[in-house]
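This report looks at side-chain pairings and surface features, and it is meant to be read beside the sequence and the model.

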Amino acid sequence: MDREEAIRSLKVLNSDFTNFFTRAGEMEELQALRFLWDHDSVPLPFPQEKYSAGHPWSPYDFGASRGVYVLDSLQGLFLPTGADSMVRLRFSTADFNESEFVLENYRAATLSSRPDFPLEMKARLHLNGQERLVISHTAVVEDDLPLQILTKVHTPESAWNYSLHRTRDGDNGSLDMETSLAQKGFTFIDAHMNALVGYSAMGYYFRDISFTIKAFDHLIEGTIHYGQIDPTARDYARSFNSNSEILIMELPGRKVAGKLILAPTPQGDLLDYYIRFADGHQVHVSEYLPFLNQLLNMKL
């Protein structure tokens, strides 16, 4: 594409994602989950992992947490009201009347380098008397690392699926990940990543990565030869760019809108992501894809 057409294409992609994030934020199911997340008193495994001051992480005991809990609106706390074989959180608010989150089962594995990793989880969310969300998760841990993961989150109109499969043969192995988002049967985000990895005492590291992300009417396709990038290179951006190719394309036809590269910031003392057009002109990724800039610079 020429630069003008490429800019139009990138603006369309950014608009698609902006509309998606807006609609997702308006989903009642996600609003209810955020409501539960904001209550430190809920007997669930994940809020304890926020590491907030005064609330250090501790292993989650599903057996000891089982029971019925009801939201006390005056205290803003979920208080135990009875016994049960599951964890039942019942709440009523201005937005959700007679609603309930049920953690049916939960099992985790202890890892040496991080909080316990979930091996099995099944949960359901009922809003205003109707089942609105189902979470199903299974995983296997080996060598103190996740070996397999399969996670599904379904609502009456949407579905998110995620899978991971890792292999190891001595100090070599592979990592395959897939994720997809669909609404009303239409898959609008479908991402695949395949990587060759090496193993060390600290875990695994990437040697080669290839990925494809089909998002709406665009395709992001990339290959990164991490094993050939010199982390101590005087010109790290050049080493990275010469050993990687990340293209942003419009479908159908795989028309290239731009190439994602590393380049020095205007100050020259930092590196950041830029989009290079066919004519060689390049702009900071935030200029036309601010959502992608946030993802690339996300601090985990």
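F291 is buried in this predicted model, and its relative accessible area is 10%. The ring of F291 forms a stacked aromatic pair with that of F17, with 4.1 Å from centre to centre and 15° between the planes. F17 belongs to helix α1 whereas F291 belongs to helix α5 (residues 290-296), so this pair ties together parts that are 274 residues apart in sequence. F17 also counts as buried, because its relative accessibility of 9% falls under 20%.

A second stacked pair is made by F188 and F216, at 5.5 Å centre to centre and with 25° between the planes. It again links distant parts of the chain, since F188 sits in strand β10 (residues 186-200) and F216 in the loop between β11 (203-215) and β12, 28 residues apart. F188 is buried at a relative accessible area of 8%, and F216 counts as buried at 12% relative accessibility. Both pairs belong to a cluster in which ring pairs link F17, F20, F21, F188, F216 and F291. The structure as a whole holds 15 aromatic pairs.

**Salt bridges**

Side chains of opposite charge can pair when their charged atoms come close. The structure holds 13 salt bridges, including those in the table.

| Salt bridge | N to O distance |
|---|---|
| R3 and D279 | 3.0 Å |
| E29 and R132 | 3.1 Å |
| E221 and R254 | 2.7 Å |

The salt bridge between R3 and D279 links distant parts of the chain, with R3 in helix α1 (residues 3-26) and D279 in the loop between β15 (271-276) and β16 (282-284), 276 residues apart. R3 is partly exposed at 34% relative accessibility, and D279 is partly exposed with a relative accessible area of 47%.

For the salt bridge between E29 and R132, E29 lies in helix α2 (residues 28-37) and R132 in strand β6 (residues 130-142), so that parts 103 residues apart in sequence are tied together. Are these two side chains, E29 and R132, buried or exposed? Both E29 and R132 are buried.

In the salt bridge between E221 and R254, E221 is placed in strand β12 and R254 in the loop between β13 (244-250) and β14 (255-264), so the pair ties together parts that are 33 residues apart in sequence. E221 is partly exposed, with a relative accessible area of 25%, and R254 is partly exposed as well, with a value of 41%.

**A charged network around E100**

Salt bridges also link D84, R88, R90 and E100 into a network. Within this network, E100 is placed in strand β4 (residues 99-111) and counts as buried at 13% relative accessibility. The side chains of E100 and R90 are joined by a polar contact of 2.9 Å. When neighbours within four places in sequence are left aside, E100 is in contact with R88, L89, R90, F91, R124, L125 and H126.

**A nonpolar surface patch**

Which residues form a nonpolar patch on the surface? They are Y204, F206 and Y226, which together have about 240 Å² of accessible area. Y226 is located in the loop between β12 (218-224) and α4 (236-242). Y226 is classed as partly exposed because its relative accessible area is 33%, a value that also passes the patch requirement of over 30%.

Technical notes: Residues are numbered from 1 along each chain as its sequence is written. This is a predicted model: local features need pLDDT of at least 70, side-chain atom pairs count only at pLDDT 80 or more; totals for chains, interfaces and linings use all residues. Side-chain values use heavy atoms; hydrogens and water are left out. Patches are made of residues with over 30% relative accessible area and no salt bridge: like charges are joined within 9 Å, nonpolar side chains (Val, Leu, Ile, Met, Phe, Trp, Tyr) within 5 Å. Accessible areas come from the Shrake-Rupley method with a 1.4 Å probe; for residues, only the protein chains shown count as cover. A salt bridge is a side-chain nitrogen of Lys or Arg within 4 Å of a carboxyl oxygen of Asp or Glu. Helices (H or I, at least four residues) and strands (E, at least two) are DSSP runs, numbered from the N terminus. Buried means under 20% relative accessible area, exposed over 50%, partly exposed in between (1.4 Å probe, protein chains only). A polar contact is a pair of N or O atoms within 3.5 Å; within protein, one must be able to donate a hydrogen and the other to accept it, and residues adjacent in sequence count only if both atoms are side-chain atoms. Contact means heavy atoms within 4.5 Å. Rings of Phe, Tyr and Trp (its six-membered ring) pair if their centres lie within 6.5 Å; planes under 30 degrees apart count as stacked, over 60 as edge-to-face and the rest as tilted.
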